[in-house]
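Have the sequence and the 3D view ready as you read.

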Amino acid sequence: TRVASRWHRWKIGWIAMLAMPGLLLAQPNPPPATQSSQAAAFDEVLQRIVGPASLSATGTAYDADLERLRTTLPAGDQAREARFRSVYCGSSTWRDPVQALAYSDDALARARDLSDTASEARALLCRAEYVMLTSGTQRGLPEVDKAVDLLANGHESQLLAESLETRGDIL
């Protein structure tokens with residue numbers, strides 16, 4: 001048994017050594033410090049935009065936060081890109097509702113691709129607003145209803161309340 005034990009340890013040692021390069025390659029590269037600080041700045045601004053502070057923000061302050069969010073968006077970060085688009089579609093800088101509707105559709109597609117429920121609901125609310133501007137108030141109601149249905153799980157209570165308020169304003 002002692003010989004078998006040495007043979008077993010030797011065999012396991014060789015297997016471990018052969019597996020090491022694969023394990024080293026499988027480890028994710030840590031993001032550069034600047035990108036992680038940029039991501040943290042993005043997350044902080046996003047929280048101001050979608051959190052309780054947004055309810056008392058002036059239009060000017062909200063637009064300034066949207067601009068800050070745009071400048072802190074880390075390049076190549078698809079999840080944050082979807083979140084950004086889902087709030088930026090509601091910016092007051094949009095002058096053409098048809099272009100804004102197309103942007104909202106893109107935001108909606110990105111959120112769905114990532115299964116980001118909150119971003120999907122925000123994009124639906126943007127879409128509803130631009131559908132109402134281009135096609136009439138009642139035509140936006142199904143989009144708002146979709147947002148309410150998405151948020152029924154209770155994880156985004158503020159966004160659900162905003163969606164219900166929007167639906168109440170339409171009705």
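**The overall picture**

Keep in mind that this is a predicted model. What share of the contacts with a separation of 6 or more comes from residues 24 or more positions apart? That share is 56%.

**The disulfide**

A disulfide is a covalent bond between the sulfur atoms of two cysteines. This structure holds 1 disulfide, and the partners are cysteine 89 and cysteine 126, with an S to S distance of 2.0 Å. Where do the two cysteines sit? Cysteine 89 is in the loop between α4 (78-88) and α5 (97-113), while cysteine 126 belongs to helix α6 (residues 117-135), so the bond ties together parts that are 37 residues apart in sequence. Are these cysteines buried or exposed? Cysteine 89 and cysteine 126 are both buried. The disulfide also has a handedness: the torsion about its S-S bond is about 80°, so it is right-handed.

**Two helix pairs that share α6**

Helix α6 packs against α5 and also against helix α8 (residues 157-170). Here are the two pairs side by side.

| Pair | Angle | Distance between axes |
|---|---|---|
| α5 and α6 | about 160° | 8 Å |
| α6 and α8 | about 20° | 11 Å |

The angle in the α5 and α6 pair makes these helices roughly antiparallel, and their crossing is left-handed. On the α5 side, the contact includes Pro97, Val98, Leu101 and Leu108. On the α6 side, the residues include Ala123, Leu124, Tyr130 and also Cys126, which is the cysteine bonded to cysteine 89. Sorted by class, the contact of α5 with α6 has 13 nonpolar, 3 polar and 4 charged residues.

Now for α6 and α8. From α6, the contact takes in Ala118, Ala121, Arg122, Leu125 and Met132, and from α8 it takes in Leu159, Ser163 and Ile170. How many residues of each class are there? The contact of α6 with α8 has 6 nonpolar, 1 polar and 1 charged.

Methods: Residues are numbered from 1 along each chain as its sequence is written. This is a predicted model: local features need pLDDT of at least 70, side-chain atom pairs count only at pLDDT 80 or more; totals for chains, interfaces and linings use all residues. Side-chain values use heavy atoms; hydrogens and water are left out. A disulfide is a pair of cysteine sulfur atoms within 2.5 Å. Helices (H or I, at least four residues) and strands (E, at least two) are DSSP runs, numbered from the N terminus. Buried means under 20% relative accessible area, exposed over 50%, partly exposed in between (1.4 Å probe, protein chains only). Axes are lines fitted to C-alpha atoms, for helices over the stretch in contact, and angles run from 0 to 180 degrees between N-to-C directions. Angles under 35 degrees count as roughly parallel, over 145 as roughly antiparallel, 65 to 115 as roughly perpendicular and the rest as oblique. A crossing is left-handed if the near helix is turned anticlockwise from the far one by less than a right angle, and right-handed if clockwise. Contact means heavy atoms within 4.5 Å. Ala, Val, Leu, Ile, Met, Phe, Trp, Tyr, Cys and Pro count as nonpolar, Asp, Glu, Lys and Arg as charged, and the others, Gly among them, as polar.
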